[in-house]
Amino acid sequence: MNFWLKVKIFARLFFLQACWNRERMQNIGFAFALYPALRLIYKDKVSAAVLRHTGFFNTQPFMAGFIAGAVCKMEETAGSCPEKAAAVYEKMMITKKNMASALAAVGDRFFWGTLMSFALVLSVALWWIFGFRIWPVAGGGLWAGFYVPLGILGGLIVYNSLSLWIRWKGIERGYLCAGSTGCGIDFINWQKLIKSARRAGFLLSVVLFLFYGFNFVRQSGEYAGALVPLGALAGAVAVKKLNWSNVYFYLLLIIVAGALAFIV
Amino acid sequence: MIFETALICLAGAFLGLETVCFGQFLLSRPLSAGAIIGWLCGDAMSGVAIGLWTEFILAGVAPVGGHVPPNGTICAATATILARIYGLEISFAFLLGLMTGIFWPEIEVRMRNARSKWNAVLTDELSRGECRPGKWIFAGLAQQFTAGFVFLFSASVVLGLAGNVAWQVMPEQIKMAIDFGYSAVPWFGFGALIITFL
């Protein structure tokens, strides 16, 4: 795959979910991303090739590069050897489906479940280092206007450098492995990466929570003040255990506090 | 006020595109969106606080599969506009913003269902040899942007005007409860964030 074709697919994959629909999910976005490669292979017969990719497709958007790369390679094989085309298309559809679900499972856990929260904790940690406090929102002095965007930017840089790298490399990797077993899944030790990121995020957030909790107790001037962060933590654990939503917990707090205020 | 709201909502709707339709670089995450909208409203710090509490309260909520979670960008943008443009108490603005963000999936799901009908037209076009997939991508972006803007703008104006009246006539006990809920968000939100790593 030449460099410019890779750039085109990479850029078009940013629009993967632009036409997300209930019936076939990311199909139109995926066909749109493949279009430059299909046009190169099939020239004026590109419509039939695009039509092949308008069926159901859904994966984690950052992992779609692996599938796009693999599909490009398989389309190339089919285009260069028409007598084998039918068999390649059949295999391609199965590969696409299998890769999409396997990569979605890993991608959802890593990007949505871990890295997104990690980037947030990192922003809060950077603010803490700069002296900007989130509760109550204060500090940072005259430089707060500089530190606050810098903290946000820090989280964004970590998140995007990793996700863009995987999006870019995924196309190349997918093209090379052409949909073989484990294509994309064996790109990185995902489990180890998820575990390490979760461990780092957990430690960082615990340190920050302790810092803010300690500060709160010190400001309240009573040890009883510790009940607030501890109670909140217990509440968060209970919400998780009950598989409940934080939003409902927040609304419940308002209702209970309101009811108590009326009674007392 | 209406013109100012409209301009800020345009920026909010543009940011909202990034949540699902384009890129997903996290520029539209509540923290960044809150800071940007807050800066446009003339008070970036309120936007940062609202964005951060929105992140905390929505910690662990992810768009896995076809699930449409509450929209954090809409939450943060609406709450910041209500607090800074319409002068609502930040605790009340946050509550209303959150309600707006929770309501958004109703619209998102309808749009996704509507887009399903495009498949038949696309298939028909391709069968006839017409191949312009970019047209559909543009249509998807335009639909999302328009819906985002109309929703954000109408929610901001209606809640901004009605919210001010409601706050005036609201019993003190309820105001206290709303303030209490808002002050508790950083704590249990931080706790929820810790748990997402377990």
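**Interface and cysteines**

Mentor: Putting chain A and chain B together buries about 6800 Å², with carbon and sulfur atoms giving 76% of that area. Buried area is the accessible area (1.4 Å probe) that two parts lose on being put together, summed over both. Keep in mind that this is a predicted model, where local features need pLDDT of at least 70 and side-chain atom pairs count only at pLDDT 80 or more, while totals for chains, interfaces and linings use all residues. Residues are numbered from 1 along each chain as its sequence is written, chains are lettered from A and ligands numbered from 1 in the order in which they are written, and side-chain values use heavy atoms, with hydrogens and water left out.

Trainee: How many residues of chain A are in contact with chain B?
Mentor: Contact means heavy atoms within 4.5 Å. Here 78 residues of chain A touch 77 of chain B.

Trainee: And which cysteines does a disulfide join?
Mentor: A disulfide is a pair of cysteine sulfur atoms within 2.5 Å. The whole structure has 1, joining A:C177 to A:C183 with S to S at 1.8 Å. The torsion about that S-S bond is about 40°, so the disulfide is right-handed.

Trainee: Are A:C177 and A:C183 buried or exposed?
Mentor: Buried means under 20% relative accessible area, exposed over 50%, partly exposed in between (1.4 Å probe, protein chains only). Both A:C177 and A:C183 are buried. B:C9 is in no disulfide, and its nearest cysteine sulfur, that of B:C41, is 8.8 Å away. B:C9 is buried too, at a relative accessible area of 0%.
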